[in-house]
Amino acid sequence: MTPRSLAEAARAAATLMLTAALLLGGDARAADAAAVTHYVLDPAKSSLEFTFLQAGAQNKGRFTRFQVAFDFAAANLAAGRLDVTVDINSVDTGDQERDETLRGADLFAVAKFPQAHFVASQINRTASGYEAVGKLTIRGMTHDARVPFAFRTATENGAAVGYMSGKTSVRRLDYGVGQGDWKATDQVGNDVAVSFTLRLIAH
């Protein structure tokens, strides 16, 4: 082989190596973009609360038992998913008689519908954070729902965690939460404000 042939072969080999490196680098970047972190709830440091009007006065309540699973990557929102299940029987408004009424057949009917469920497979970026677009099911009735939220990540004691917070509103009568006399909105308002502050642990 002549010196010229050797030089041409060397250039061809170098070109092949460079092309391969660029392709592999692109694949690595794509893999990084596709990497999604799976988070689960830290219940001890999370809250799910609601506010409603009763007899013209604002009242507060909370659910003490709920589960959250969140798949998220800021660079790959298309792969995001949020799944929330709430144990309705855990409702707590600070008034035992009212809580039993809420659990009853005319309101949440927990004997038949013990859970509420929100699942979103569409996560959108907004001007102030993110929005989960999905389906909310309460009392066996399902409607489209949008839940805006803020999300940040941190490393605590060597573990990856995420903090999610947000507010939304639910019209209780859309989900049948209010039968008989409870359909009236003069004593109990139709709009219920829901707020949440969640600590999530990468799993």
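Which side chains meet in a salt bridge at 2.7 Å, N to O? In this predicted model, the partners are Glu-100 and Arg-103, and both of them lie in helix α2, three residues apart, which is about one turn of the helix. Glu-100 is partly exposed, at 45% relative accessibility, whereas Arg-103 has a relative accessibility of 17% and, because buried means under 20%, counts as buried.

Let me turn to the other salt bridges, of which the structure holds nine in total. One of them joins Asp-87 to Arg-65, with the closest N and O atoms 2.8 Å apart. Asp-87 belongs to strand β5 and Arg-65 to the loop between β3 and β4, so this pair ties together parts that are 22 residues apart in sequence. Both residues are partly exposed, Asp-87 with a relative accessible area of 24% and Arg-65 with 41%.

Another salt bridge is formed by Arg-171 and Asp-191, whose closest N and O atoms are 3.1 Å apart. Here distant parts of the chain are linked, since Arg-171 sits in strand β10 and Asp-191 in strand β11, 20 residues apart.

Finally, I would like to look at Thr-93, which is placed in the loop between β6 and α2 and counts as buried at 10% relative accessibility. Its side chain makes a polar contact of 3.0 Å with the side chain of Arg-98. Leaving aside neighbours within four places in sequence, the residues in contact with Thr-93 include Phe-50, Phe-52, Lys-60 and Leu-102.

Methods
Residues are numbered from 1 along each chain as its sequence is written. This is a predicted model: local features need pLDDT of at least 70, side-chain atom pairs count only at pLDDT 80 or more; totals for chains, interfaces and linings use all residues. Side-chain values use heavy atoms; hydrogens and water are left out. Helices (H or I, at least four residues) and strands (E, at least two) are DSSP runs, numbered from the N terminus. Buried means under 20% relative accessible area, exposed over 50%, partly exposed in between (1.4 Å probe, protein chains only). A polar contact is a pair of N or O atoms within 3.5 Å; within protein, one must be able to donate a hydrogen and the other to accept it, and residues adjacent in sequence count only if both atoms are side-chain atoms. Contact means heavy atoms within 4.5 Å. A salt bridge is a side-chain nitrogen of Lys or Arg within 4 Å of a carboxyl oxygen of Asp or Glu.
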